[in-house]
Amino acid sequence: MKINKMLSTAAALASTVTVFASVFALPAFADEDAELVINGEIEIVTKTAAPAHLDGHLSEIMSGWRFRSDDTQAMEMDDFDNPGMLGAEAGFDQFETVMGSEGKSCMDCHDGVESLANVRPTYPKWNDDKEQVYTIQMQINDCLTEQMGADAQKYDSGMMLNFEAALASVSRGMPMNVAIDGPAQSTWEQGKEMYYTRYGQLDLSCANCHEQNYGNMIRADHLSQGQTNGFPTYRLKNAKLNGAHSRFKGCIRDTRAETFNAGSPEFVALELYVASRGNGLSVEGPSVRN
């Protein structure tokens with residue numbers, strides 16, 4: 001009887017340990033040495049030497065794809081499995097749709113989305129006519145309102161992100177090449193200052209997480225370098241496409257600080273700086289992230 005009771009107790013303990021392990025299992029780590037090839041043909045550079053302006057900060061830059069779980073990585077490797085491609089397809093349809101009082105679609109000025117493959121790798125960039133740094137969203141809104149007589153879209157609206165997803169999809173494999181000299185330099189310097197500024201009650205800067213602690217865990221997430229080459233990104237957390245500025249907003253909010261709005265001059269400057277940190281990585285959007 002005593003032996004049976006001991007065996008029963010041991011079995012119950014083993015069962016408890018099994019349940020505990022399943023509930024509190026560590027998150028799956030990605031293989032940071034994996035290589036990304038989309039649809040078996042589009043080779044994506046996800047690790048390369050850091051651009052010269054990061055000397056003393058980083059010697060190597062890595063896409064956020066390398067920090068995701070194997071399952072999440074696999075979703076981005078096939079357009080049929082990548083839910084962000086639904087947004088890109090909607091963006092292609094929007095490109096051909098007549099909008100506004102002028103009776104025009106994007107096709108009236110551009111020879112298909114493919115003709116704009118150089119857009120995603122080079123934005124944000126200086127706009128000579130407006131005399132300021134422009135993001136893709138700002139340029140799209142100018143086209144909608146000034147060329148087509150349509151209403152402007154909210155900065156990270158669904159329609160806007162669909163447009164950006166379509167533009168990113170035709171640029172996949174092209175290297176990020178954001179210019180930071182000339183008239184854009186002062187905006188770049190502003191963005192750099194923001195990147196290293198501590199915010200909120202937690203007293204954290206972008207660099208504290210994405211430069212000094214990438215590869216480590218923060219709660220249940222595997223910290224990446226915070227590169228923007230994959231935007232817009234489909235986040236499994238909220239099951240939709242997300243823009244870079246919405247992600248900036250969330251990060252600053254998480255430091256328990258008052259944040260800036262998507263499309264604000266502050267976030268335009270920050271996007272220019274962060275995008276330049278990824279110069280040399282391939283465009284891979286729409287990407288898939290946690």
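Helix α9 (residues 244-254) and helix α10 cross at roughly 105°, and their axes come within 10 Å. The two helices are therefore roughly perpendicular to each other, a label given to angles of 65 to 115 degrees. Axes are lines fitted to C-alpha atoms, for helices over the stretch in contact, and angles run from 0 to 180 degrees between N-to-C directions. The model is predicted: local features need pLDDT of at least 70, side-chain atom pairs count only at pLDDT 80 or more, and totals for chains, interfaces and linings use all residues. Residues are numbered from 1 along each chain as its sequence is written, and side-chain values use heavy atoms, without hydrogens and water.

In the contact of α9 with α10 (heavy atoms within 4.5 Å), His245, Phe248, Lys249 and Ile252 of α9 meet Phe267, Val268, Leu270, Glu271 and Val274 of α10.

Helix α7 also packs against α10, at an angle of about 85° and with the axes 7 Å apart. That makes α7 roughly perpendicular to α10. Among the α7 residues in this contact are Trp188 and Met194, and those of α10 include Phe267 and Leu270.

In α7 (residues 185-195), Thr187, Trp188, Gly191, Met194 and Tyr195 are buried, meaning under 20% relative accessible area with a 1.4 Å probe, protein chains only. Seen down the axis, these buried residues fall within an arc of 120°, so they line one face of α7. On the other side of α7, Ser186 and Glu193 are exposed, that is, over 50%. The cover over the buried residues includes β6 (132-134), α8 (206-210) and α10 (265-277).

Key. Helix = DSSP H or I, 4+ residues; strand = E, 2+ residues; numbered from the N terminus. Arc of directions from axis to C-beta. Parallel < 35°, antiparallel > 145°, perpendicular 65-115°, else oblique.
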